[in-house]
Each structure stands twice: as C-alpha cells, then as structure tokens.
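Visitor: I would like to learn how to read this model feature by feature. Where shall we start?
Guide: With the picture itself.

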Amino acid sequence: MLPDDSEDATLIGRLASDDGPIPVAVLDGRVWDLSGATPTVADLLAKLEPSEALPAGRDLGPLDDLDLAAAWDPEGPGRLLAPIDLQCVKAAGVTFAVSALERVIEERARGDAGEAARFRGVILDRIGSDLRALRPGSLEAMRLKEMLIHEGAWSQYLEVAIGPDAEVFTKAPVLSSVGSRSYVGIRSDSSWNNPEPEVVMVADPQGRARGAALGNDVNLRDIEGRSALLLGKAKDNNASAALGPFIRLFDASFTLDHVRNAEVSLTIEGEDNFRLEGRSNMAQISRDPLELIGQAIGKHHQYPDGFVLYLGTMFAPVEDREHEGRGFTHKIGDTVSVSTPKLGTLVNKVVLCEDAPPWTYGISSLFRDLARRALVSA
C-alpha cells in the first residue's frame, strides 16, 4: 500500500470510524489522527502552507496494526476511505497526444501495417519531429490539424489532444470517491469497459499543486463511444472514481518532477485466472500537470474547497479476453491494482454499480457528524 520510500513520505488520508471520517497523517508507518486540529482534508490543505509542518495529532499506532480489512474481506468492511472529502473531483481526458494520434493512424490504415507506417511518415514530415514532441496548441499542431482535416481523419478527440484547450470534466460528486480496498462499479448495461490508471493531482483553493495520489478513472467505452455527449453516463456512476491510498504531499522527497516522470503500472487479475499488465509513462503526457491545473481553475472557475484532477492515461487495453477481436472488458470480481513507487498501490475489486455499497454519506451527513463531535462551529 505505501510508497517504496514511505519513511520519507508525508501521507494524508481518511479513516472511517464509528463517529465519522477522520483525517489522518501517516508518517514513517505510524498513523496520526488530525481531527482535533482540522475537521477535513480540504480544510487542512486550505490552511497549511506548503512549507509548514503538519498540526499535532493523536497517535493511533502503526498502520499495520489498524483494522484496514478490504471491503470484500468477510472479517469486516473496508476502513480506509478516499483521501479527499470536500474537494471537487475533476478529470482531464486525451492528455497523451501520441496515443490519440496512433489510434487515428490505426483507423486510417485499417490493419495494414505498411499503410500505417506511410501515414505516420506523412505526419512526421508535416510536424518535423517525433509525435511525442508535439505540443498541443503549437504551430506544428495546428498544421497537423489542417492536414488531418484535409485527409478526412479529424475527430473531436484530436481537438482536445492537440488543440489549445484541454478536455477537463467533472468526474464525480463531492464525497462520492471510493478508496483503496473498496469496490469499484461498472454499469450492468455496459459490455465494454476498462480501468484507467492515472496520477491524480491535488490542488488547494488557490490552485497550487499540493500533492498527488493514484486514481482509477473507471471508463465505459461502449457508452462513450456511442456519443461524446454521453460522457457523464460513461464516467460518473456509483463507485466509478477510485482514489488513494493516500495523498502524498510535495516536499523535498517528492516533487512535481516525480509526477512528470512516473511510470504507472496496472495489473488486472480475474477470477477466471485472466491476468493483464500494462504501464502508462507520464513522461509522454502532452500537457504539463501544472498546465492542466491552470486550465481547470482561474477567473473562469474557482474551487473554494480545492479540487483534485485525474491527469489521464495512455493505457487502453486491447488484449482479447474471451473472443478474438473483442478486446478487453471487465468481469465481475476483477481485482485492479494501480501502482507507482512514490505513491504506493491502489487496489479495488469490480462489481456492478448497483451491487457496490450505495453512496449515502453526503455533505450534510459529514457536517452533522462534525457538529456532533464539536469539530466545527458557526
């Protein structure tokens, strides 16, 4: 669960308790209850300056000694929550231009490797560099856009992949995210879906990048594929936004450059003995994480409780699972692990959305609990 260098990491999370969620810090393997100093994680990041020490907490003991059973463990429900609370949950899409362009090349070639190589060469001649060097909104990108329109190969996805404006959308409502060792949900009317392993940036109300976590942006490919206007139905469902296991705050041991160069690994293990592994290299992202944050917040949009932003993935599983040519789709019971050394491992198990625990704990429930515990006042 923890980063490889957890002894150097400052980790922020949330635990479930009989009294309600508890914001915690994990320092060198020990868990500290911060609820006496800050009622929510959003409040902590809004008030704590980047170089400031964490407030004093109550020692809960070693993380390994706490009862953090998985939701599917018969011994008890999962106790680790998503590490955010009042933050808005945003996501950026099609942020890896190289993978989007390769999809266009594949479609253009219709399975002919020679035609794919030829069309790729035409693109390279037009932009004068490797596809990975193409910067969205640049003069080279606009020239490529004109060429692809002329070739009849343009799409709305390429507009956000290489155009000036990123795709930034709301992934999930406040407090609806699920944490590590919780269920993630897919709709029963979807027959083609997949996980999307991502790094998630955490920003405070001023739009400053304060840390990062891992995310699984569960995606229903068949529903979004019918129409981009169905993005909300494809992306925002019960238990469709996994986040965790903790937020790692930026400091001397963990910087933005670690995010920029992270390799995010994905493992899917099915109850049918199916196993799939993949990787997404953040070094190939087309828009810098700070640029994506800048496109999400500003004079046009504010987040008084902060926000998190899924950065997107270049991973699109195409390996056939059952039938040749049908590609990958989830089966109920799949265990999905998303990991990178500096952020640890996020683990979830797939169920139907209607079989996942219903989302019933909202903002009013949270503030009733905080008021009952005298953690907030007028």
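Visitor: Which residues are buried in helix α10 (residues 363-372)?
Guide: First, a caution: this is a predicted model. In α10, the buried residues are S365, L366, D369 and L370.

Visitor: Why do the buried residues of α10 line one face of the helix?
Guide: Look down the axis of α10. Its buried residues fall within an arc of 135 degrees, so they line one face. A374 follows α10 and has a positive phi, near 55 degrees.

Visitor: Now strands. What is the general idea for side chains in a regular strand?
Guide: They alternate between the two faces of the sheet.

Visitor: Is β14 largely enclosed or open?
Guide: Enclosed. Five of its seven residues are buried, so the rest of the structure largely encloses β14.

Visitor: In which sense do β14 and β15 pair, and over how many bridges?
Guide: They pair in the antiparallel sense, over seven bridges.

Visitor: What do β14 and β15 form, and how many residues lie between them?
Guide: They form a hairpin with five residues between them. In the turn, N273 has a positive phi of about 70 degrees.

Visitor: How does β14 pair with β17?
Guide: Antiparallel again, over five bridges.

Visitor: Let me follow one side chain. Where is R275, and is it buried or partly exposed?
Guide: R275 sits in strand β15. Its relative accessible area is 45%, so R275 counts as partly exposed.

Visitor: Which residues is R275 in contact with, beyond its neighbours within four places in sequence?
Guide: T267, I268, E269 and E319. Now read the polar contacts. One of 2.7 Å joins the side chains of R275 and E269. Another of 2.7 Å joins those of R275 and E277.

Visitor: How far apart are R275 and D334, in sequence and in space?
Guide: They are 59 residues apart in sequence and 9.3 Å apart in space, C-alpha to C-alpha.

Visitor: On to charges. How many salt bridges does the structure hold?
Guide: It holds 25. Take R14 and D85. Their closest N and O atoms are 3.7 Å apart. R14 is in strand β1 (residues 10-15), while D85 is in the loop between β5 (80-81) and β6 (88-93). The pair links distant parts of the chain, 71 residues apart.

Visitor: Are R14 and D85 buried or exposed?
Guide: Both ends are buried: R14 has a relative accessible area of 6%, and D85 has 4%.

Visitor: Which side chain meets R321 in a salt bridge at 3.1 Å, N to O?
Guide: That of D272. R321 lies in the loop between β16 (307-310) and β17 (335-340), and D272 in the loop between β14 (263-269) and β15 (275-281). The pair therefore ties together parts that are 49 residues apart in sequence. R321 is buried at 12% relative accessibility, whereas D272 is partly exposed at 36%.

Visitor: How close are the N and O atoms in the salt bridge of D334 with R321?
Guide: The closest are 2.8 Å apart. Both residues lie in the loop between β16 and β17, so this bridge ties together parts 13 residues apart in sequence. D334 is buried, with a relative accessible area of 0%.

Visitor: Which residues do salt bridges that share partners join into one network?
Guide: E49, D204, R208 and R210.

Terms used:
Residues numbered from 1 in each chain as written. Predicted model: local features only at pLDDT ≥ 70, side-chain atom pairs only at ≥ 80, totals over all residues. Heavy atoms only, no water. Salt bridge = Lys/Arg side-chain N within 4 Å of Asp/Glu carboxyl O. Helix = DSSP H or I, 4+ residues; strand = E, 2+ residues; numbered from the N terminus. Buried < 20%, exposed > 50% of the residue type's maximum accessible area, 1.4 Å probe, protein only. Pairing = 2+ DSSP bridges. Arc of directions from axis to C-beta. Contact = heavy atoms within 4.5 Å. Polar contact = N/O pair within 3.5 Å; in protein donor to acceptor, adjacent residues only side chain to side chain.
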